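Welcome, and please open the structure in your viewer. We will go from one selection to the next and see what is there.

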Amino acid sequence: MKRELGITVKKDENFSEWYSQVVQKAELADIRFGIQGFIVHRPWGFFIIRKIYEYLEEEVEKQCHLPYLFPVAVKEDDLKREKDHAGFTPNVFWISEAGEKKLEERFALRPTGEAQIYPLYSLWFRSYKDLPFKGYQSRISAFRNEMTTRPFLRGREFLFFETHNVFNRHEEALEQIKEDLDTCKKVIGEKIKLPFLYFKRPEWDKFSGADDTYTPDTLMPDGKRNQLASTHDLGQNFSKAFNIKVKGKDEKEQFVWQTCFGPGIWRIMAALIGIHGDNNGLVIPSDMSPLQIIIIPITFSNKEAESKKVIELCRKIESSLKKIGYRTKFDDSEDTPGFKHNKWELFGVPIRVEIGPKEAKNKTVSLALRTENKKRQLKLSNLEKEIKKLLSKLDKDIESKANEYFKNNTRNSNSLKDLKELIKKYKGFIKVPFCSVKNDGEKCADILKAETDGAYVCGTLYPKEEKVSPNSKCIICNKKAEHTVYVAKSY
RNA sequence: GGGGCUGUGGUGUAGCUUGGUCUAUCAUCUCGGGUUUGGGACCCGAGGACCUCGGUUCGAAUCCGGGCAGCCCCA
């Protein structure tokens with residue numbers, strides 16, 4: 001009889017249930033906090049999340065962003081100052097009382113940084129020489145999402161990272177957007193091994209207050225799009241609303257140009273869980289795992305002397321692996337070896353080392369990679385050297401599996417009929433010819449959405465938009481297609 | 001935003017239709033003891049639960065209403 005420790009459904013048969021079970025059983029989050037959409041980040045999960053933060057912080061600091069920390073609050077006036085951005089207002093949490101007393105002026109829990117940061121920006125910069133300025137913060141965001149909440153996918157409080165950048169010229173802002181794409185490639189792609197496409201959003205679907213919005217989108221195992229981050233070209237919209245001006249070389253005051261970049265820490269975590277995980281549970285890139293190596297002893301009560309040697313050997317290996325920098329644990333709990341195998345697979349530990357009397361006698365170890373279905377026999381003397389290679393093999397396995405899945409779920413279509421079938425059958429990304437990504441295309445996007453039960457026009461590829469063959473027609477209105485756009489169902 | 005479902009020890013559940021030996025089932029779990037360990041061992045003992053507020057009733061885990069929370073499907 002199997003105990004209910006492990007995952008009881010298959011990932012490709014019931015992704016929703018699989019996802020919930022992994023989140024809870026691998027101790028990533030606790031959803032029993034009791035306030036809707038607010039979850040507890042448990043140690044095993046939060047370690048991984050902190051890695052995401054570390055990578056991002058390291059990368060943006062290389063580009064000369066510096067950290068700061070703004071309050072959790074935002075003033076009501078500030079929130080409403082930019083007219084499009086004020087669209088957040090109906091969903092924010094207001095703080096209006098302290099104890100029994102009503103506050104003189106209510107304020108909101110910040111939904112995102114713009115409205116709380118830019119009033120200070122208007123005080124900080126006086127001269128064109130103060131620019132460019134690049135700041136970032138790692139912080140929590142909150143707003144009342146009315147849709148069903150899910151851990152790491154949709155919440156009312158969620159982990160956030162945001163850069164807010166100020167330039168003298170629009171061209172510099174556009175350069176920054178390219179740098180943000182680079183950050184996504186390095187962090188989300190290379191470090192976290194998540195494939196994505198980088199889109200320029202259609203005109204009608206930009207962030208409130210932005211001139212243009214760019215996003216890396218990936219696909220979850222159920223074929224739905226998951227937006228992992230967004231970069232916004234804010235133009236001068238906020239600088240005009242918040243009065244952020246500098247004096248230029250020509251002695252005239254000018255409004256600054258701004259961008260902001262916001263990777264969704266939660267969304268990235270959800271993608272990591274969903275895309276890398278398998279039927280046994282979590283799979284984690286080697287550098288991100290709280291534990292990289294688990295050592296499991298196999299002992300016998302009727303072989304006391306040998307068992308003692310086994311334990312000693314395990315301890316020795318544990319300390320030598322720790323010494324060279326691997327996060328290693330010797331699991332000397334009283335559970336049976338089989339139980340431990342299943343447990344640590346569920347938690348996604350990259351390497352499992354098994355030591356029993358045989359290994360002790362032969363000076364070998366048995367070793368299993370989380371991504372493989374076999375045990376390897378290694379000479380003890382080679383272990384330290386081999387581990388490095390094996391961890392990078394694991395990372396390659398994770399990466400190629402993710403890439404293959406992603407590639408297999410990106411398709412083409414040239415007709416609405418065909419698109420409808422593909423969406424129904426596979427979901428995923430589907431490339432289609434489309435009339436316009438300016439506001440006049442929105443009508444077609446709405447029709448497309450209605451016809452396909454909710455598929456969404458993600459936008460055009462960035463930075464290099466794909467060419468459209470000269471006589472192709474928009475799959476909705478049949479006018480000349482100006483763009484190739486990607487369509488997907490979304491979270 | 002629309003629709004549906006659910007809430008019983010830490011976890012998963014039985015009981016709810018037809019209210020009454022429910023002093024609440026089973027497993028897991030936790031603790032103590034024994035025994036065992038090469039892919040989810042076993043035995044003995046102990047511990048631990050009816051989401052919340054109100055209503056109906058002699059009597060509510062069970063019926064009704066509000067609230068809170070969770071899940072699923074669809075936009």
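Two strands are said to pair if DSSP finds at least two bridges between them. Keep that in mind for the first stop, and remember throughout that this is a predicted model.

Stop 1: Select strand E5 (94–98) and strand E6 (residues 101–109). Here E5 and E6 pair in the antiparallel sense over four bridges. Now pick Trp94: its bridge partner in E6 is Ala108.

**Stop 2: the whole sheet.** You now have an open sheet of three strands, in the order E4-E6-E5, with antiparallel pairing. E4 and E5 are the edge strands, each pairing on one side only. On average, neighbouring strands of this sheet are turned by 50 degrees against each other, direction ignored.

**Stop 3: helix H4.** Select residues 114–124, which form helix H4. Which residues of H4 are buried? They are Glu114, Ala115, Gln116, Ile117, Tyr118 and Tyr121.

**Stop 4: around the RNA.** Show RNA strand B and the 43 residues around it; Gly6, Glu146, Gly338, Gly356 and Asp453 come nearest. Two or more residues each are given to this surface by helix H1 (15–25), helix H9 (337–346), helix H10 (357–362) and strand E19 (364–369). H9 gives the most, with seven residues. Colour the surface by class to find 11 nonpolar, 18 polar and 14 charged residues.

Note on methods
Residues are numbered from 1 along each chain as its sequence is written. Chains are lettered from A and ligands numbered from 1 in the order in which they are written. This is a predicted model: local features need pLDDT of at least 70, side-chain atom pairs count only at pLDDT 80 or more; totals for chains, interfaces and linings use all residues. A residue is near a molecule or strand if its C-beta atom, placed from the backbone, lies within 6 Å of it. Ala, Val, Leu, Ile, Met, Phe, Trp, Tyr, Cys and Pro count as nonpolar, Asp, Glu, Lys and Arg as charged, and the others, Gly among them, as polar. A residue is buried if 20 or more other C-beta atoms lie within 10 Å of its own, exposed if 12 or fewer, and partly exposed in between; C-beta atoms are placed from the backbone. Axes are lines fitted to C-alpha atoms, for helices over the stretch in contact, and angles run from 0 to 180 degrees between N-to-C directions.
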